[in-house]
Amino acid sequence: MQIIPNLQEYKTRPSRSIVLALGNFDGFHLGHQKLLRYVVRQAKKEHALAAVLTFPQHPHSILHPGRKPMMLMSIEQKLFYLAQAGVDLCFLQSFTQAFSKMSPQDFVEKVLVKKLHIREICMGYDAHFGLGRKGDTSLMEQLAKVNGFLFRKMKAVMIDRKPVSSSRIRELLAKGEIEKAQACLGRPFSMFGKVIHGKGHGLHLGFPTANLEVHSEILLPLGVYVVSARFLSCPPSCFCKKAGGHAFKTAWLPGVANFGKRPTYPKGETPRPILELHLLDFKGQVYGKIIEIALHRFLRPERKFPTEEALKVQIQQDVRAARLYYKQR
């Protein structure tokens, strides 16, 4: 996947038209996957390029900083999943004040038509574009007819009679409803993270852990989770250059993780929540490696134990619960 960080730098390919998906694609949920499958399929059918126009930050971070949602994915993870979906081009346009002031008509005429020469555009049913979010699917359909390109509105994916959306997934994760979030995503919720130095408590207790600097803004309930993890062969920054087409280094490995402030130990030691990962039956050096960690089940809330021995007994129970989970799958 080729990444174009500035629309003005793109040089049109006369021999290859563009089938474009427009959206934020945070979380890469079932609705996003449905839309992108259509775009990739249409591009192949028309011998065109499958492209995405998205942003490295959420538009609200510029327009309404106080209302900016917590992002489910880092930009590196989003680029990785877009590449895995078969996208050829990603226009990673910075959402600036100047860009936000472009009217829907100017955006279509100046960017989509004159600059990109799109053949077809596909949007989610609730997507908006242009100044004040005045552009919607109805307006895009009208502008498509006027400017001579095709338009496709993608219907919502429904689960339990409700549309799948990034905001719905954020709410589910915030409540610890991991399995329901997984149903909306079509896969376990996952995060990219880098293994950093920790305090060594896990090793001391007989359960060595990898402390992860997580590349996600979502605030999960503090507690213990059944997880799986896999190592990536290059740092997240490389996905911005080559989109990690073959970045997997290992298969998924089973584990258990704690997300929290380690209340059994002194307060000042862990001022903000961290993610500690214990891989079952794994031996090897992990410091400095990039890991994708997927959450499967919320086991219990984090709590303070009177002694390290009491904590150790509980960790043993958590590990047994994780093993049982994997045995029953």
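Predicted model: local features only at pLDDT ≥ 70, side-chain atom pairs only at ≥ 80, totals over all residues.
View 1. Residues are numbered from 1 along each chain as its sequence is written, and side-chain values use heavy atoms, with hydrogens and water left out. Strands (E, at least two residues) and helices (H or I, at least four) are DSSP runs, numbered from the N terminus. E9 (residues 189-196) and E14 (residues 290-301) run antiparallel and are joined by six bridges. For two strands to count as paired, DSSP has to find at least two bridges between them. E9 also pairs with strand E10 (residues 210-214), again in the antiparallel sense, over four bridges. There, Lys194 stands opposite Glu213 in E10. Why is E9 largely enclosed by the rest of the structure? Because six of its eight residues are buried. Buried means under 20% relative accessible area, exposed means over 50%, and partly exposed is in between (1.4 Å probe, protein chains only).

**View 2. Six strands, E9-E10-E13-E12-E11-E14, close into a barrel.** The pairing in this barrel is antiparallel. From one strand to the next, the twist averages 45°. Angles like this run from 0 to 180 degrees between N-to-C directions, and the axes are lines fitted to C-alpha atoms, for helices over the stretch in contact. Take E11 (residues 223-232) and E12: they pair in the antiparallel sense over seven bridges. Look for Val226, whose bridge partner in E12 is Val256. Helix H3 lies across E9, E11 and E14, running at about 125° to E9. Helix H8 lies across E9, E11 and E14 too, at about 135° to E14.

**View 3. An open sheet holds six strands in the order E1-E4-E3-E2-E5-E6.** Here the pairing is parallel. Which strands sit at the edges? They are E1 (2-4) and E6 (150-154), and each pairs on one side only. Ignoring direction, neighbouring strands of this sheet are turned by 20° against each other on average. E3 (residues 49-54) and E4 (residues 89-92) pair in the parallel sense over four bridges, and Ala51 stands opposite Leu89 in E4. Helix H3 (residues 75-84) packs on the sheet, where it touches E1, E3 and E4, and its direction makes about 155° with that of E4. Helix H6 (residues 137-147) packs on the sheet as well, touching E2 (18-22), E5 (118-124) and E6, with its direction at about 165° to that of E6.

**View 4. Zoom in on Ile121, which has its place in strand E5.** Is Ile121 buried or exposed? Ile121 is buried, with a relative accessible area of 0%. Leaving aside neighbours within four places in sequence, its contacts (heavy atoms within 4.5 Å) include Leu20, Leu22, Met140 and Phe151. Val19 is 102 residues from Ile121 in sequence, yet C-alpha to C-alpha the two are 5.8 Å apart in space.

**View 5. Helix H7 (residues 166-174) has buried residues, including Arg168, Ile169 and Leu172.** What do the buried residues of H7 pack against? They pack against helix H1 (30-45), strand E7 (158-159), strand E8 (162-163), helix H8 (178-185) and E9. Just after H7, spot Gly176, which takes a positive phi of about 80°.

**View 6. The structure holds one cavity of 30 Å³ or more.** A cavity is a set of points, on a 1 Å grid over the protein atoms alone, where a 1.4 Å probe fits but cannot get out; lining residues have an atom within 4 Å of a point. Grid points are joined across faces, edges and corners, and a volume is the space filled by probe spheres set on the points. The largest cavity has a volume of about 360 Å³. It is lined by 23 residues, and the closest to its centre are Thr209, Asn258, Glu276, Leu311 and Ile315. Helix H11 gives the most to this lining, with four residues.

Note on methods
1 Å grid on protein atoms, 1.4 Å probe; cavity = no way out; pocket = protein on both sides within 12 Å on 5 of 7 lines; lining within 4 Å.
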